[in-house]
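Have the structure open and follow along.

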Amino acid sequence: MRKVYLMFLLVFLIFLFAGVSSADTPQYGGVLRRSLVNDPPTLDPAMITDTASDEVARQIFDGLVEYDPNGKVVGSIAKKWSISKDGTVYTFYLNNNVYFHNGRNVTAEDFVYSIKRVMDPKTASPRASFAEPIKDVVAKDKYTLVITLKRPFAPFLSTLTYSCFWVVPKEEVEKLGKDFATRPVGTGAFMFNEWKHDVKISLKANPKYFRGRPYLDGIEWMIIPDENVDFMNFEKGQLDVTTIPDPEWDRVSNDPKYKPYILEKPIIGIYYLGFNVQKKPLDNKYLRQAIARAINKEAIVKVIRRNRAQVAYTILPPSMPGFSKANYDWAKEKFSYNVAEAKKLLAKAGYPDGKGLPEITLYYNSSVAHKRIMEAIQADLEKIGIKAKLQNYDWAVYLDLLDKGELPVYRLGWVADYIDPDNFLWVLFNSANFGPEGNHSFYKNDKVDEYTNKARIETLWSVRAKYYEMAERIILEDCPIVPIYYYISQIIYQPWVNGLYLDPLTGISGVRYRVVWLSKK
Amino acid sequence: MLRYIVRRLLQAIPVFIGVTLITFILFFIAPGDPARLIAGQRADAETIARIRSIWGLDKPLAVQYLLFLGRIIRLDFGRSFKTNIPVIESIGERLQATAVLAFFAFIIAILLGVTAGIISAVKQYSFFDYTAMVIALLGVSAPVYWVGIILLLIFGFKLGWLPLGGYISEYGIKAVILPAITLGTRPAAYFARLARSSMLEVIRQEYITTARAKGLPESKVIFKHALRNALIPVVTYAGMVVGDLLTGAVLTETIFAWPGIGRLVVQAILDRDLPVLQGGVIVIALIYILANLIVDLSYALIDPRIRYE
């Protein structure tokens with residue numbers, strides 16, 4: 001009799017655990033439905049510069065290393081690596097069980113080919129500059145790759161997470177030619193399935209993925225250009241994950257039905273107002289400081305962005321290594337909104353109450369969101385006596401004018417390509433990078449040049465961090481840009497989506513869906 | 001007749017060259033470098049120069065134009081700067097989608113518009129007449145974007161009868177209903193007003209009075225004698241509607257995620273994607289020319305006095 005009880009107990013326990021596990025342990029199956037605003041221009045890793053392409057291609061390809069959800073560099077195809085003492089030789093030991101979607105085993109030679117392809121001028125990769133520090137790349141043996149740098153370059157490992165360094169199979173690239181961009185073959189958890197241009201793209205699970213088959217059977221991206229229609233699709237349950245349009249934010253974020261399913265995360269980027277410091281009258285530091293002090297950032301974030309961003313004072317966002325609390329406090333003290341102080345600075349600049357200052361133009365690229373913010377800044381400037389008008393251009397024209405230094409006051413945003421202060425402070429403020437290369441302020445300060453150059457080749461993090469802190473302080477004081485806010489990424493998902501996270505760099509477009517699973521198919 | 005068609009088609013050649021030349025020149029006058037756009041927000045000068053040379057953007061304007069004309073003769077529109085996909089392929093796919101949408105929109109516009117217009121004219125100052133004309137006024141004034149979103153909200157979102165945008169390949173013929181109504185609304189309203197005034201003019205003519213005096217039944221008077229003549233301005237306008245449909249298609253295609261040529265061309269302008277823009281413009285010009293040709297030919301069917309020599 002006791003045995004029978006025990007049996008019952010055992011069966012009961014099994015059911016109990018089975019019940020628990022079905023809710024908490026990942027399940028296989030189902031297709032995740034997403035949307036994109038545009039058809040991605042390309043799925044060839046060497047050619048990607050936009051987030052739509054990046055989101056899709058990220059599921060199909062892998063690189064040597066990748067970021068984990070916390071922004072730490074971890075191994076991907078490389079299971080481990082070592083860096084020579086002088087910081088110029090990187091040796092990567094590859095996993096030997098990685099296969100391209102065509103079935104061929106991935107070896108070190110494939111990385112040699114893929115990296116050299118980006119460096120080859122014939123490829124015309126828009127990201128060739130990322131490979132600039134590389135002197136040579138060789139396969140030491142079948143699964144050992146050695147990359148030699150021209151000089152030590154501290155952020156190198158971080159840059160290797162970038163899409164242009166993902167591995168591609170030579171035979172497919174050569175066979176398909178330009179069509180490789182629309183029929184990609186990689187090593188990732190998902191394989192290319194179908195692409196109807198401007199309609200949808202679908203991927204299917206790679207059963208032989210080296211880290212095990214993903215939970216999802218596939219992913220489908222519908223191309224939906226209108227954000228309102230996109231959100232209607234989500235509310236109807238036709239999409240599993242999407243972003244929330246600004247006008248819907250208050251309603252959605254206060255709805256108990258949706259509230260538990262909103263994910264938020266700061267991403268490493270800033271929205272700012274830039275000045276061309278070589279152009280009159282913005283070559284005047286006090287005038288720039290007066291403008292910085294006159295802008296009510298809190299109001300912009302609260303009223304216009306509906307708190308969907310975080311007020312910025314520094315250039316490096318808080319989630320970036322090297323972020324300095326000291327600099328933040330200092331800048332907040334010196335540049336927070338204060339009309340009286342702004343007026344004093346304006347007088348110091350030689351324009352008391354704006355007298356003698358010609359009307360300035362605030363430039364922005366066409367978008368309602370930017371326009372609202374520029375209007376707020378315009379009104380703020382008016383309060384201290386600066387007359388400003390607004391002017392906008394399409395992105396193509398805007399970039400061109402920025403490169404040529406023709407916009408004295410402009411709005412811009414910058415989101416990190418790789419998680420390293422170098423990508424902000426060196427790219428945007430080193431005088432080697434005037435114009436298209438990132439320094440649209442045409443800012444030059446010998447100390448900043450020196451610190452950001454030294455930090456590039458220094459390998460000891462504590463020393464680098466000090467250089468960046470000193471450089472950032474000088475830049476903040478000189479005011480070539482006014483940080484407005486740090487970006488926050490937000491998405492909403494359906495209750496049946498599990499395992500979702502936001503990438504610290506790019507939010508939703510940086511997610512690898514191999515860890516996501518659905519509790520409803 | 002055949003000679004007329006051939007002559008009309010030959011006349012299209014200078015139109016083509018003019019259209020390509022103007023697009024080409026405008027493209028180069030407008031600021032915004034396609035190579036810069038391909039390279040993204042941050043790029044070194046070397047990379048930009050390399051992209052420019054690969055796409056031949058560093059050659060003199062005249063050389064680029066001649067190369068382009070040379071390719072056109074071989075029916076090669078090149079590849080998109082941005083996506084690298086052959087332009088002819090992109091246009092082929094998108095044109096098909098726009099044609100389907102425009103066809104249904106056109107049918108809706110004609111059926112609804114002309115019928116309402118004729119009835120309004122015959123029953124002038126009746127309740128139907130007033131209602132139809134108020135609706136037509138609304139139809140002319142309502143922005144395409146607004147109409148589209150409202151239709152989606154009602155029939156797609158609240159009632160759930162029709163898909164929330166998307167193409168036929170995904171949702172079947174259901175997908176075309178709302179976009180076609182959205183796109184057809186404005187021309188339908190024009191057709192209604194045009195058909196009404198034209199019909200009113202015709203039924204006041206003496207030969208109609210004569211027909212009535214002969215004791216013909218009213219239906220025969222309207223359909224056999226009045227309608228044909230009343231339709232001539234409608235047919236002329238029908239040719240112009242093609243243009244309306246193509247421009248309206250840009251917005252409609254955006255709201256309904258319809259993979260058409262309107263969206264393609266607008267995106268090409270924003271991306272400074274010259275090959276796609278050129279191809280798109282040529283195709284659209286061709287459509288206009290064909291539409292006008294068809295209108296001219298259909299006059300003969302409606303009005304036997306017109307002959308082509």
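## Ground rules

Domain bounds here come from an automatic or database domain assignment. With that in hand, chain B is divided into domain 1 (1-74) and domain 2 (93-302), while chain A is divided into domain 1 (31-221 + 494-518) and domain 2 (266-488).

This is a predicted model, in which local features need pLDDT of at least 70 and side-chain atom pairs count only at pLDDT 80 or more, whereas totals for chains, interfaces and linings use all residues. Residues are numbered from 1 along each chain as its sequence is written, chains are lettered from A and ligands numbered from 1 in the order in which they are written, and side-chain values use heavy atoms, with hydrogens and water left out.

In chain B, the C-alpha centres of domain 1 and domain 2 are 33 Å apart. Contact (heavy atoms within 4.5 Å) involves 20 residues of domain 1 and 17 residues of domain 2. Between them, these two domains of chain B bury about 1,700 Å², 79% of it on carbon and sulfur atoms; buried area is the accessible area (1.4 Å probe) that two parts lose on being put together, summed over both. On the domain 1 side, B:Arg8, B:Phe16 and B:Phe27 supply 31% of the buried area, more than any other three residues.

Which elements give two or more residues to the domain 1 side in chain B? They are helix 1 (2-29), helix 2 (34-39) and helix 4 (61-73), with helices taken as DSSP runs (H or I, at least four residues) numbered from the N terminus. Helix 1 of chain B has the largest share, at 13 residues.

For chain A, the C-alpha centres of domain 1 and domain 2 lie 33 Å apart, and each domain puts 16 residues into the contact. About 1,300 Å² is buried between the two domains of chain A, 66% of it on carbon and sulfur atoms. A:Ala154, A:Pro155 and A:Leu505 supply 36% of what domain 1 buries against domain 2, more than any other three residues.

How many salt bridges link domain 1 and domain 2 of chain A? The count is zero.

Technical notes. Salt bridge = Lys/Arg side-chain N within 4 Å of Asp/Glu carboxyl O.
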